[in-house]
Amino acid sequence: MAKYESIPYSRKDFINIIDILITTPNFEPSKDHYHRSLEIIMPIIGNAVVTKEYEHKVVYPGEIYILNSGERHGVTGELDQGIYKGFVFQIPYQTLTFASENIENIKFGNSKSFQNIIIEILYKILILDNNEYKYKHIDIAQRTLELVKALLEYGVTEGDMHKQSIIQKEITKVISYIEAHYNEDLSVKDLADRFSYSYRYFERIFKNVVGMTTMQYIREVQLKYAIELLIETDKSINVISETVGFPNVKSMQNLFKKKYNMTCDKYRKLNG
């Protein structure tokens, strides 16, 4: 069974760099494991062997190999080599989400077309890491974000881009449904069931695409129509709350005051 490996993270640790030197007498291959970080294997002397599921990939000096978050893998040097020297770059999950909120739905490929760009940035990070000065961690953080940006620009697989397009189209359908049924008793579970998603996955992809939770979006839509009724009609706050689908008038008033810093009545007086 693969072992989960926790990658340490602090504000200064935008990237973890592991310097690996393997000689035949004390050769110990890494055990099958996985983690949430993005991992980049970069051989310097000798060849690395990456084991992923049932695939064995030889990585030569001048190449890199990218392991995505959650991928089970092991890394070794080739057994017939006298020496293996290389680096492993681990970009923690927190760094990835800082760069892109949608990172969980993105998979990076290993096309050779962009590897030189990534390798150049990795060497710049190594040079910074080998020097000691006051603001070293800031420069490394900047280079790491440059690395993640390059990966996002050049390293996303076509299949993943297609998947993202499909997800965005599906969420657009969900948004249209909410707009048409905002005044009904909508729940996240009902929406997930209607569009054939598990509850957790539905919540995650909705937030990734829209930037807020499903229920937050539903309340935003209901509030939008409540404002129209406040300005254009003389209906009571209770009636408006019920008309646009809030569970009760208090929940609408609380959300309204939080968003606009005033009561519904005051808003009506100022804008009616």
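Here is a walk through this predicted model, from the overall picture down to single residues. Local features are taken up only at pLDDT of at least 70 and side-chain atom pairs only at pLDDT 80 or more, while totals for chains, interfaces and linings use all residues. Numbering runs from 1 along each chain as its sequence is written, and side-chain values use heavy atoms, with hydrogens and water left out.

Let's start with the whole protein. It has 10 helices and 9 strands; helices here are DSSP runs of H or I with at least four residues, strands are runs of E with at least two, and both are numbered from the N terminus. Of the 272 residues, 43% count as buried. Buried means under 20% relative accessible area, exposed means over 50%, and partly exposed is in between, using a 1.4 Å probe and protein chains only. As for contacts (heavy atoms within 4.5 Å), take those with a separation of 6 or more: 72% of them come from residues 24 or more positions apart.

Now for the inside. A nonpolar core here is a set of buried Ala, Val, Leu, Ile, Met, Phe, Trp, Tyr and Cys residues joined through side-chain atoms within 4.5 Å. The largest one has 33 residues, and I178, F202, V244, M252 and F256 have the most contacts inside it. The elements giving two or more residues to this core are α4 (158-181), α5 (188-194), α6 (199-210), α7 (214-232), α8 (237-244), α9 and α10 (264-271). The top contributor is α7, with 9 residues. Apart from this core lies another, of 28 residues, which include L38, I64, F114 and L122.

Next, zoom in on α8. Its buried residues are I237, I240, S241 and V244. These four sit on the same side of α8, because they cover an arc of only 100° around the axis, the arc being that of the directions from the helix axis to the C-beta atoms. The buried residues of α8 pack against α7, α9 and α10. The face turned away from that buried side carries the exposed residues N238 and E242.

How do α8 and α9 pack together? They meet at an angle of about 95°, with their axes 9 Å apart. Axes are lines fitted to C-alpha atoms, for helices over the stretch in contact, and angles run from 0 to 180 degrees between N-to-C directions. That angle makes α8 roughly perpendicular to α9, since 65 to 115 degrees counts as roughly perpendicular, under 35 as roughly parallel, over 145 as roughly antiparallel and the rest as oblique. On the α8 side, I237, N238, I240, S241 and V244 meet V249, M252 and Q253 of α9. By class, this contact has 5 nonpolar, 3 polar and no charged residues. Ala, Val, Leu, Ile, Met, Phe, Trp, Tyr, Cys and Pro count as nonpolar, Asp, Glu, Lys and Arg as charged, and the others, Gly among them, as polar.

Staying in α9 (residues 249-260), have a look at L255. L255 is partly exposed, at a relative accessible area of 23%. Not counting residues up to four places away in sequence, L255 touches R219, L223 and F246. L223 is 32 residues away along the chain, yet the C-alpha atoms of L255 and L223 are separated by 8.3 Å.

Two loop residues deserve a glance. N261, in the loop between α9 and α10, has a positive phi of about 60° although it is not a glycine. N261 is exposed, with a relative accessible area of 67%. S196 sits in the loop between α5 and α6 and also has a positive phi of about 60° without being a glycine. At 65% relative accessibility, S196 counts as exposed.

Finally, a strand and one more helix. V59 is in strand β6 (residues 55-59). Is V59 buried or exposed? V59 counts as buried, at 1% relative accessibility. Beyond residues up to four places away in sequence, V59 touches P43, N47, A48, V50, I64 and Y65. K136 belongs to helix α3 (residues 136-154) and counts as buried at 12% relative accessibility.
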